[in-house]
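Here is a short report on a two-chain model. Please keep the sequence and the 3D view open while you read.

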Protein chains: 2
Amino acid sequence: MKGKALVTGGAGFVGSNLVREILARGADVTVFDNLLLGRREFVAPLEGPRCRFILGDLKDPGATRAAARGCDIVFHLAANSDIGEGTRRTDTDLRLGTLATYNLLDAMREEGVRRIAFSSSSTIYGQPKRIPTGEDDGPCLPISLYGASKLACEGLISAYVHLYGFQAWIFRFANVIGRNATHGAVLDFCHRLSQDPRRLPVLGDGRQAKPYLHVDECVGGILFGVERANDPINVFNLSPEGATSVDALARMVLEAAGLDGTEIVYSGGDRGWPGDVPQVRLDPSRLAALDWRPRLASDDAARQGVREIVAQVMGER
Amino acid sequence: MKGKALVTGGAGFVGSNLVREILARGADVTVFDNLLLGRREFVAPLEGPRCRFILGDLKDPGATRAAARGCDIVFHLAANSDIGEGTRRTDTDLRLGTLATYNLLDAMREEGVRRIAFSSSSTIYGQPKRIPTGEDDGPCLPISLYGASKLACEGLISAYVHLYGFQAWIFRFANVIGRNATHGAVLDFCHRLSQDPRRLPVLGDGRQAKPYLHVDECVGGILFGVERANDPINVFNLSPEGATSVDALARMVLEAAGLDGTEIVYSGGDRGWPGDVPQVRLDPSRLAALDWRPRLASDDAARQGVREIVAQVMGER
């Protein structure tokens, strides 16, 4: 990989892992992050002549243009990733997702930067009619404001591809897991267990199940897609086959934390929280047809990711 | 129809026709319009004790809340309808479509108004893989910022249905035509002919073809859907089968204007303008299954609509 990449949200979970891999593959990186969710310590070890950190916000058009200037490609990962917060403050995903993405796209247009890879999400499918869900399946009726924002961003990107000669890669992520996690069920479990290791409260009935993708494979899939797919707009599910239940995930956390005797207490109901899609299965065959598939099945990715997060968060135990 | 309806964009093309019909069916109406595209004269004859006009903008949360207060249902038709302007000023549809819709939805949530009918568009399908295109067809990759905004609005509405107990009816319009038009090819043709009746410039090669729906039938379909469909979220194509070419439309205008000998001059290319989807066919069978279909085929609707627009715009000739 050559040239210069801008990574928005580059100090975040997927972002910081992606920055490391892009640098390893030979391109220079500008990290752009407002550190609302990202953490400077995730990228500080990578910073140097080939990796510049900018503390900035996509709501600032001037800073966004300056960051984009001279880049060959933008990896746009910045977003609110707290679905619950987006439900409580209804403009969160609109501001941090939709408006931020518009500002970025327009800054790119003005600076003549026309290649963008975007972290979308299975949430754009809402409660899908077909399982596993393929990239061309509709209708796209998201049930969270997070999903609504990801769908809005996809639409904006698609319009910029057509109207202004952009080229885009849209990756609809499964649940991504692994080191540098900034949100998600496993991190919540760790925090709860740190407070009370005898009792682990779990939202829902434990039977919700999502496909888990290890962050290394997420990064690998993104870079593979960008390097191998060359349509004006390229949309890919990024997911293993199968899924891992919340119940299994909770048990993996207890095992990795070396806890036994902890009681798992389910809040009940088939949905973890408002806007949660309880059963997600993504059809990964489009990217598989280009000869890329995750090495780890969902349970294996979850187990490895859980170990990394537990070590990082509960390491001091 | 009973109770009180708020119609955003109620002084616009479809809006003003809808207001008239809602009043005729017995409900009271609040018209909310910023008159950017709408015209007061379209609703002035309808105003009275049962029909109140508010000059207001959905970007003003206070005014929007005040307008929504006490309403039983909102018909949300306010939008930028000038796709070309949306391409030149890239934030037009974001502001007048996406942000306005978010403000409206959140005002409704705060005021406890939870029923919304929304004018979406066939443009959300982008360049569809399947023709005719059905409501569940994907992928939804719009090629105009207008289409991107309509898709974003659908996503927001869908999330509000799930998260906050809204009920929604989303109508994906074909090209709507008829009296009180504020935009569109026929109006453009009329204005050009007023300047020079000898020569009619037409964008594209004339072979682009869209389904045309007469505005009376558009209004009828909206009210039928709202009264008969009762899912939490109800999505309908609102369209006849078939389509009418731009070439045929231009000839209808010349005929209605009593012009012969006018030379039609095509700009060439298979697309009228950036973001134009040259071939649109919508599958109307979902609404037909509830026993509603347009009485007029596309060519007949176009011919009738052309006569009305020509009479209204070129009446003084």
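The report goes from the single chain to its domains, then to the pairing of chains and some local details.

This is a predicted model, in which local features need pLDDT of at least 70, side-chain atom pairs count only at pLDDT 80 or more, and totals for chains, interfaces and linings use all residues. Residues are numbered from 1 along each chain as its sequence is written, while chains are lettered from A and ligands numbered from 1 in the order in which they are written.

**The chain.** Chain A has 11 helices and 13 strands. Both are DSSP runs numbered from the N terminus: helices are H or I with at least four residues, strands E with at least two. The C-alpha atoms of chain A fill a box of roughly 60 × 45 × 40 Å along the principal axes. Buried residues make up 55% of chain A. Buried means 20 or more other C-beta atoms within 10 Å of the residue's own, exposed means 12 or fewer, and partly exposed lies in between, with C-beta atoms placed from the backbone.

**Two domains.** In chain A, domain 1 covers 4–176 + 212–238, and domain 2 covers 179–210 + 242–281 + 296–313. These bounds come from an automatic or database domain assignment. The C-alpha centres of the two domains of chain A lie 25 Å apart. Across the boundary, 28 residues of domain 1 of chain A are in contact with 20 residues of domain 2 of chain A. Contact means that C-beta atoms, placed from the backbone, lie within 7 Å.

**The pair.** A rotation of 180° with 0.0 Å of shift along its axis superposes chain B on chain A, with RMSD 0.0 Å. That is the relation of a two-fold axis. The same surface serves both copies, as 100% of the contact residues of chain B recur in chain A. In the interface, 34 residues of chain B are in contact with 34 residues of chain A. Helix 6 of chain B gives the largest share of its side, 11 residues.

**Helix 9 of chain B.** Which residues of helix 9 (residues 246–256) of chain B are buried? They are V246(B), L249(B), A250(B), M252(B), V253(B) and A256(B). They cover an arc of only 160° around the axis, which puts them on the same side of helix 9 of chain B. The arc is that of the directions from the helix axis to the C-beta atoms. Their cover includes helix 7 (185–195) and helix 11 (298–313) of chain B. G258(B), with a positive phi near 70°, follows helix 9 of chain B.

| Residue | Phi | C-beta neighbours within 10 Å |
|---|---|---|
| D291(A) | near 85° | 8, exposed |

D291(A) is in the loop between helix 10 (285–289) and helix 11 (298–313) of chain A. N180(B) lies in the loop between strand 7 (175–177) and helix 7 of chain B. A cis peptide bond joins G138(A) and P139(A), with omega about -5°.

Note on methods: Copies are superposed by least squares on the C-alpha atoms of residues with pLDDT of at least 70 in both. Two residues are in contact if their C-beta atoms, placed from the backbone, lie within 7 Å.
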